[in-house]
Amino acid sequence: MIDPFLIKKSSQKYDAIVVGSGISGGWAAKELCEKGLKVLLVERGRPVRHRTDYIGEGKAPWEMPHGGKVEHALIEDQYQTQRKCYAFNDATKHFFGNDRDYPYTTEPGTSFDWIRGNQLGGRSLLWHRQSFRWSPMDFEENLRDGNGCDWPIRYEDLAPWYSYVERFAGISGSVENCPTLPDSEFLPPFEMNAVEKYAKKVIEKKYPHLKYIQGRCAHLSEPTQFFLDQGRTKCMARDECQRGCSFGAYFSTQSSTLPAALKTNNLSIACHSVVHSVIYDAKTNRATGVNVIDEETLETREYHANMVFLCASTLGTTQIMLNSKSESFPNGIANSSGVLGHYLMDHIYNATARADIDGFEDDYYIGRRPTGPVIPRFKNLGKQTEAFSRGYFLRGGASRGSLHHGMGTNEFGADFKNKMQKPGPWGLFLGGSGEMVPKFENQVGLNTGKTDKWGMPLLHFDCRFTKNDHLMMKDMVETSAEILEAIGAKNITTRISDDPPGLAIHEMGTARMGRDPKDSVLNGNNQCHDVPNLFVTDGACMASSSHQNPSLTYMALTARAVDIAVNLYKNGEL
Amino acid sequence: MTSQHPFHKPASLTRREILAGLAASCAGLLSQNTLAGMPESAPALQQGASKGEMLTPAGMKLLAALVDVIIPPTKTKGAAAVNTHGFIDHQLAHCQSSAEAAQFVAALTDAGELIERKWHKKYWALSPAEQVTVMAALAERRAPFNRQGYPLFAKLKTMTMIGYYSSEEGASKELVYLAVPGGYSADFSLADNGGKAYAIPFF
Ligand SMILES: Cc1cc2nc3c(=O)[nH]c(=O)nc-3n(C[C@H](O)[C@H](O)[C@H](O)COP(=O)(O)OP(=O)(O)OC[C@H]3O[C@@H](n4cnc5c(N)ncnc54)[C@H](O)[C@@H]3O)c2cc1C
């Protein structure tokens, strides 16, 4: 379906160019096209066709050459960093970025795991689909505690746009009226299992200020006709989503925004097109297009448009902007403030707790649920009461072990085999998802000495967890253990991993929004203060990181920014 | 999907509904195996007579005998019959560093020699009872294996479990493997699943 729309060279002047085809770029393309603009979507990677290119989908372990494991030599050669992602395996590996071709460097003594997806669809194919609104508090905390700059928007500015994107993407969840986690427009939630239902009862009774609720996710739990008409169907609970889903049961560029954009006949797509820089015209102070290097042939070409939306992911966009140097902007386009590349944040996923729980022996479930319960944020509300600032929420449900109860023991033989045929005890998990406070020192810049095979200067990272982050990790494990104990779980173990930032895969903040052009790159419309027809709507725009998964917020910000941009454009103000 | 995992509950989808839904939404897109249930394509039973990718014919024979004592045939096939030794040999060749693989091969070879020295026979030629005795000594790292620095039993058992339970027989006959569950329901008891555990992805 996409093939007729693929282009290589073009002398056309488009209304808008969108760089990057992941969650943000897919939304930008859809919205711009539906508003009648002629749009070119520029993507560095190969085309991935819905269904036909999901080459790992539906394969049983015995149908894969190495049982699902990736070949050692291939990992060593191409996936040294990507391998660290929990979703990386033989059926998904082709949707992960290639560390050999697209390397980056880190400041000595620091480390950053940059997990990428560089193809049509970006990481919309790989994400875990957890979709939570940010709360009013999240847009106010920078102002309250003086870290980072004040957000130029508030929750109320975004609320209608959350509703707008949720109705289209399809978010399953339960109405909870929780102040730290506003409700979305929901499809029915996934069910809790017997142990989770029990845990909910105990937790909410013992801790009246806590809620234990089902995780909200971009899955069609019970699709309405609206979704069926898009060619999307009900989630089959395979939980093999990152291989691609022919049911279109989870939100991705391929299943959702791209078909909508194509339907307008306003979209063209340039794949294998690495954007090197934004073309800037100093006379008009406008972006006029992008310089592109062909991913396969290394030939250069230009595309032109009246406005440019950068949606190449937080770090991809930042690399392009830093590399867009001119006399007016010697340190990167729209970077008069000097904050481009700074205030890099991820989430804190390092603290986890596990336990067993007795009983429930007759209870089981059918299907592999693609989400699990969460406990919304409950600390430091309104004012700081803990040793650390900001907050976290806890993720984690219960499941019944298979085979684990026989691993690492000395058992073998027929009795052992018969024992393994039965499930093991139920296990409970709780893990923190915490906010990293924005810090100027946590940054990414261009490596002045090294370039990749396309001649792009490599990104150079200098990012580390701060004291606040470590205090939060400590509190996460202590609190998780306490809650598990309250539920009556046993064999509680906690762990704080020394993983560097990056592995939460929620990097953001490097071209932040703000009220003051002197300390921010973007205004409250995701529009560059310095260059009015240049927009950034991916995670680079975030002035703080909250503790919630961010992609739903990127969707809402993107749809809102397009609405504003198109109004300005139609009024001749861009 | 076989009769081993019945959908008793009217609340959850029936198998027929699932297949109908599948056929309607993406017939021909998923592999035929997924739609038709699991294929009957168990690898040819090779009791390790031929050379492996890493191991010699004798090494393969030893490995086949060992994995079959860890997971023997019961109502379902045992580890050797589904070529778990071939799986392990293949993993050593492709999915481990050459140093890791060499360590395993060396420890396996060494164990084979220790067995022959103490029991005067190849492992596969011992009686079933003797094979169990030897395996217990290996598991507990008792003589003659007490000098082996490498945790051979632990590695061997882990790889055997992975190989067996990700084979078609191990995953879908011994355990329950649902390619397309059709949805999630907690209104489903262990008895509804025939008392069996689900197969899990190892990677
Ligand atoms: C395993 C995993 C689990 C995740 N789970 C969740 C979750 O549960 N909830 C959540 O909210 N988020 C989750 N995320 C994060 C989520 O995937 C990202 O936040 C989201 O995809 C960001 O969207 P984006 O469009 O900004 O960037 P991406 O989706 O990364 O897309 C960027 C696109 O831009 C292209 N590009 C980059 N540079 C250039 C260039 N120079 N020229 C041309 N094109 C370029 C890339 O190839 C890519 O296609 C997860 C991510 C992963 C990998």
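## Tyr198(B)

Tyr198(B) is buried, at a relative accessible area of 11%. Buried here means under 20% relative accessible area, exposed over 50%, and partly exposed in between (1.4 Å probe, protein chains only). This is a predicted model: local features need pLDDT of at least 70, side-chain atom pairs count only at pLDDT 80 or more, and totals for chains, interfaces and linings use all residues. Tyr198(B) sits in the segment after strand S1 (185-189) of chain B. Helices (H or I, at least four residues) and strands (E, at least two) are DSSP runs, numbered from the N terminus.

Contact means heavy atoms within 4.5 Å. Leaving aside neighbours within four places in sequence, Tyr198(B) contacts residues including Tyr364(A), Ile366(A) and Ser402(A). Its partners in chain B include Leu175(B), Val176(B) and Phe188(B). The Tyr198(B) side chain comes to 2.5 Å from the backbone oxygen of Tyr365(A). Ala65(B) is 133 residues from Tyr198(B) in sequence and 27 Å away in space, C-alpha to C-alpha.

## Chain B

Chain B has 8 helices and 1 strand. Along the sequence the pattern is α-α-α-α-α-α-α-α-β. Of its 203 residues, 54% count as buried. Among contacts in chain B with a separation of 6 or more, 63% join residues 24 or more positions apart.

The accessible surface of chain B is about 8,800 Å², and 57% of it belongs to carbon and sulfur atoms. Accessible areas come from the Shrake-Rupley method with a 1.4 Å probe; for residues, only the protein chains shown count as cover.

## Confidence

The model scores ipTM 0.94 and pTM 0.94. pLDDT is the predictor's confidence in each residue, from 0 to 100. Chain B has a mean pLDDT of 82, with 76% of its residues at 70 or more. Over residues 1-48 of chain B, pLDDT stays under 50; the model has 92 contacts beyond four places in sequence for them.

## The ligand

The ligand has 37 residues around it, and Ser24(A), Glu43(A), Arg123(A), His128(A) and Val275(A) come nearest. A residue is near if one of its heavy atoms lies within 4 Å. A nitrogen atom of the ligand is 2.9 Å from a polar backbone atom of Gln130(A). A ligand oxygen atom lies 3.5 Å from a polar backbone atom of Pro550(A). The protein covers 98% of the 990 Å² of accessible area that the ligand has on its own.

Side-chain values use heavy atoms, with hydrogens and water left out.

Conventions: Residues numbered from 1 in each chain as written. Chains lettered and ligands numbered in written order. Polar contact = N/O pair within 3.5 Å; in protein donor to acceptor, adjacent residues only side chain to side chain.
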